[in-house]
Amino acid sequence: MKKLTLGAIGVVYGDIGTSPLYAMRESLHAASHDGLTRADVMGVISLLFWTLTLIVTLKYVLLIMRADNNGEGGTLSLIALVHRALHTRPAWLIAIGAVGISLFFGDSIITPAMSVLSAVEGSALIAPGLHDYVVPITLVIIVLLFAVQSRGTEAVSVLFGPIMVVWFITMAVLGLRHISDEPSILLALNPIHALRFLVDNGFASFIVLGSVFLAVTGGEALYTDMGHFGRRPIRIAWGILVFPALTISYLGQGAMVLAHPETASNPFFLLAPQWALLPLVILATMATVIASQAVISGAFSVAKQAVQMGLLPRMEIRHTSETQFGQIYMPRINSILSVGVVALVLAFGSSSNLASAYGIAVTGDMVITSILAIFLLNRAWKWPLALTLAVMVPLIVLEGLFLAANMTKVLDGGYIPIFFAAFLCLVMWTWVRGSAHVREKSRAGSIEFDSLMRMLEKSQPVEVPGTAVFLTADPEMAPPALMHNLKHNRVLHKKNFIVTVNVAPVPEVPEADRIEIEKVNDRFVKLSLNFGYLDDQNVPKALALARKQGEKFDIMTTSFFLNHRSFRSSQSEGLPSWQEKLFVSMARGATNATEFYRLPTNRVLELGQQLTI
């Protein structure tokens with residue numbers, strides 16, 4: 001339990017743990033449109049505290065984290081739970097999942113740029129001459145961070161927990177050191193100050209909400225990473241260390257600003273005495289790198305789930321640890337993220353400028369989680385509709401206010417996560433629609449498997465020894481690779497497995513339920529391989545389980561037949577020209593089935609099929 005709690009502090013709370021670097025600064029800046037008053041500072045602190053309390057503590061720690069899918073959390077897990085509760089997967093549920101994934105990737109690009117920039121900017125307080133080197137130093141750190149992803153993080157991840165514990169303790173000590181500057185800051189914990197600030201400032205307070213939300217941008221990670229550490233360690237870490245440290249830090253910053261208004265320009269780093277600035281900048285940089293690493297690893301995990309669920313084409317997935325199955329590396333995702341992060345740093349140049357783009361993606365993701373939670377509470381947990389709405393509607397209204405406040409920053413940079421999410425939604429919609437269209441075209445040009453069996457009884461092909469495996473997405477139809485083998489090679493193996501890979505709406509499928517066997521006759525056996533959306537789809541390993549159930553064959557001499565599709569354009573078919581080109585481009589760039597399903601390359605035969613789409 002201690003090890004899991006330490007891990008939760010290091011990984012889960014990396015993003016939200018670095019928010020004091022910029023949340024207070026940006027909130028005060030937004031509130032000081034006509035001069036910063038005592039009421040403004042008290043109101044901002046109160047808003048920060050109650051935002052952490054209501055969204056992170058109440059919504060995620062106490063409520064949403066109860067919604068685990070066999071221990072896993074996150075938007076896709078929540079969608080899987082709703083899917084099971086509804087007994088169907090309607091189009092709107094897939095659409096919500098696509099939007100949630102897209103917004104998460106938008107956040108994955110902004111978080112490293114924002115957090116590392118914020119930390120490095122502290123160096124300018126030590127030596128003002130370093131101000132011109134903030135961007136180059138940030139770029140070096142980011143490039144190195146993405147360059148080492150292929151090596152995995154197992155060796156250094158053991159340091160994440162201890163470093164982040166030191167970070168939170170340091171944060172609390174610095175805040176506690178300054179509360180005595182203006183002890184009345186403790187009164188800001190009263191929600192009256194937040195309400196009064198909102199009422200007195202009208203639309204101006206609405207703008208401030210967009211900056212206040214920066215304090216909870218890592219809140220969704222609590223739920224997303226639940227499968228790695230468990231509900232209890234995450235809750236313990238939040239209650240004992242993280243939430244108290246964040247609260248004390250914000251109180252300390254507020255007290256210091258009340259006593260010394262000039263410190264509002266960078267309240268976090270100015271909490272430290274001059275001699276401690278350099279160690280604090282180094283520690284902050286380490287904390288932001290850890291936060292960025294957690295987000296990048298999360299992006300790999302979410303991308304893998306999206307591929308498994310058929311929302312994205314197959315991509316190369318490398319396992320970087322022999323002991324930690326969840327540690328993976330996806331070269332294509334790493335390249336996209338690295339280019340995006342570098343571009344943001346170069347385009348915005350400072351964390352204050354980038355703050356305009358930060359928050360929209362996370363707020364949208366949180367609203368999606370709340371909407372899905374309504375269906376979960378009512379349909380799966382059987383809560384009365386009135387109780388469900390009484391709990392969730394106030395949270396949705398609150399998050400809706402934050403989303404609307406962040407939308408005011410669209411023209412100042414908020415368009416970036418919106419544009420990226422919209423493009424990614426378009427990509428996923430194209431892949432889902434194109435894949436369905438290809439299945440229809442393939443089915444229309446195929447014959448039923450039962451019809452093939454009757455044909456083979458009348459016309460016996462030449463039988464050759466050995467076992468052949470034919471992968472197919474539709475077990476009711478004869479696999480195209482089998483038909484091409486019969487047509488061109490005019491042979492049939494002594495034993496033939498018709499294999500279908502299914503992805504269940506659960507994170508992992510137990511080995512006992514991995515394989516389903518349907519014996520057709522002495523020559524043909526249908527195998528259904530069942531995987532969870534976090535499982536590694538290792539087909540040979542799964543086929544080995546068939547031997548335990550009485551199917552006699554030598555996996556080392558088995559041949560694997562795959563269908564390699566090529567596409568020909570047709571103006572009269574179902575997809576628009578632009579979408580057809582995008583789909584074909586994605587299909588050509590997809591990782592081949594041999595690598596994705598872990599098939600032995602020296603025993604795979606690919607037979608071509610041309611489809612007109």
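Which helix holds Leu385? I found Leu385 in helix α20, residues 385-407. Helices here are DSSP runs (H or I, at least four residues), and strands are E runs of at least two, numbered from the N terminus.

I noted the ground rules. The model is predicted, so local features need pLDDT of at least 70 and side-chain atom pairs pLDDT 80 or more, while totals for chains, interfaces and linings use all residues. Residues are numbered from 1 along each chain as its sequence is written, and side-chain values use heavy atoms, without hydrogens or water.

I looked up salt bridges next (a Lys or Arg side-chain nitrogen within 4 Å of an Asp or Glu carboxyl oxygen). The whole structure has 12.

I checked Glu182 and Arg38: their side chains meet at 3.9 Å, N to O. Glu182 sits in the loop between α10 and α11, Arg38 in helix α4, 144 residues apart. I read 23% relative accessibility for Glu182 and 42% for Arg38. Both are partly exposed (buried is under 20% relative accessible area, exposed over 50%, partly exposed in between; 1.4 Å probe, protein chains only).

I then took Arg231 and Asp68, with closest N and O atoms 2.8 Å apart. Arg231 is in helix α15, Asp68 in the loop between α4 and α5, 163 residues away.

Lys495 or Glu551: are they buried or exposed? I have Lys495 as buried at 16% and Glu551 as buried at 8%. Their salt bridge spans 3.4 Å between closest N and O atoms. Lys495 lies in strand β4 and Glu551 in the loop between α24 and β7, so the pair ties together parts 56 residues apart in sequence.
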